[in-house]
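Please read the points below with the sequence and the model side by side.

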Amino acid sequence: MPTPRVSIDKQTPAAYKALIAVSTEVAVAAETAGLPRSVMELVNMHCSQINGCAFCLSLHREAAGAAGVTDQQLAVLPAWRDAPSLYTDEMRAALEIAEMVTRLPDHDTADCAYERAADVLDADQISAVIWGATAINAFNRVSILSRYNVHPRP
């Protein structure tokens, strides 16, 4: 029988509250930088897809819909490069940055991705997307390693 997982959010609540505070600051930074909430929710969804975090995918699916992300955009998200007409320039640039943060590619690949994104996003927007991807990656790890359950919704 496997050893039960520690729910690290409950075991170390101060650290989890600090992570929530980071996420709150990221949302403010993105809004201040002029990034639509839909862009940041696509970042949350795509990072969670890459990491295989069922809990965050379930949670951010609703948030993405509320932010105006379409069902078609969500359905095609794993293959977003093959459907450029579904996503704005901002969305595509943010998704590229999100993948770079999540996968940590070699330096040359990261430099190319960063340069393409910098053609569309300004410094404040790039910073907000990097912080957003960093935060959701942290939440993915908390959820996955704590084995958060996804419960069916009506």
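1. A residue is called buried when its relative accessible area is under 20%, and exposed when that area is over 50%. Please keep in mind throughout that this is a predicted model. With that cut-off, Asn44 counts as buried because its relative accessible area is 8%. Asn44 is found in helix 3, and, once residues up to four places away in sequence are set aside, Asn44 touches Arg37, His60, Gly132 and Ile136.

2. The largest nonpolar core has 38 residues, and those with the most contacts inside it are Leu35, Leu42, Val43, Leu77, Tyr87 and Val129. At least two residues of this core are supplied by each of helix 2 (13–32), helix 3 (37–51), helix 4 (54–66), helix 6 (89–103), helix 7 (107–118) and helix 8 (123–145). Helix 6 gives the largest share of the core, with 8 residues.

3. Tyr87 deserves a separate look, as it is among the core residues with the most contacts inside the core. Which residues is Tyr87 in contact with, leaving aside its neighbours within four places in sequence? They are Leu42, Gln72, Gln73, Val76, Leu77, Trp80, Arg92 and Leu95, and of these Leu42 and Leu77 are themselves listed with the most contacts inside the core.

4. The packing of helix 3 with helix 8 can be followed in some detail. Their axes come within 9 Å and cross at roughly 40°, and helix 3 and helix 8 are therefore oblique to each other. The crossing of these two helices is right-handed. On the side of helix 3 the contact is made by Met40, Val43, Asn44, Cys47, Ser48 and Asn51, while helix 8 contributes Ala128, Val129, Gly132, Ala133, Ile136, Asn137, Asn140, Arg141 and Ile144. The residues of this contact divide into 8 nonpolar, 6 polar and 1 charged.

5. The contact joins Tyr16, Leu19, Ile20, Val22, Ser23, Val26, Ala29 and Ala30 of helix 2 to Ala128, Trp131, Gly132, Ala135, Ala138, Phe139 and Val142 of helix 8. Here the residues divide into 13 nonpolar, 2 polar and no charged.

6. Is Glu115 buried or exposed? Glu115, which lies in helix 7, is exposed, with a relative accessible area of 53%. Glu115 and Gln49 are 66 residues apart in sequence, and the distance between them in space, C-alpha to C-alpha, is 24 Å.

7. Two residues call for a check of the backbone. Leu104 has a positive phi of about 45° although it is not a glycine; its place is in the loop between helix 6 and helix 7, and Leu104 is exposed, with a relative accessible area of 67%. Arg147, likewise not a glycine, has a positive phi of about 55°, and its place is in the segment after helix 8.

Key
Residues numbered from 1 in each chain as written. Predicted model: local features only at pLDDT ≥ 70, side-chain atom pairs only at ≥ 80, totals over all residues. Heavy atoms only, no water. Core = buried A, V, L, I, M, F, W, Y, C linked by side-chain atoms within 4.5 Å. Buried < 20%, exposed > 50% of the residue type's maximum accessible area, 1.4 Å probe, protein only. Helix = DSSP H or I, 4+ residues; strand = E, 2+ residues; numbered from the N terminus. Contact = heavy atoms within 4.5 Å. Axes fitted to C-alpha atoms, helices over the stretch in contact; angles between N-to-C directions. Parallel < 35°, antiparallel > 145°, perpendicular 65-115°, else oblique. Left-handed = near helix turned anticlockwise from the far one by under 90°. Nonpolar A, V, L, I, M, F, W, Y, C, P; charged D, E, K, R; others polar.
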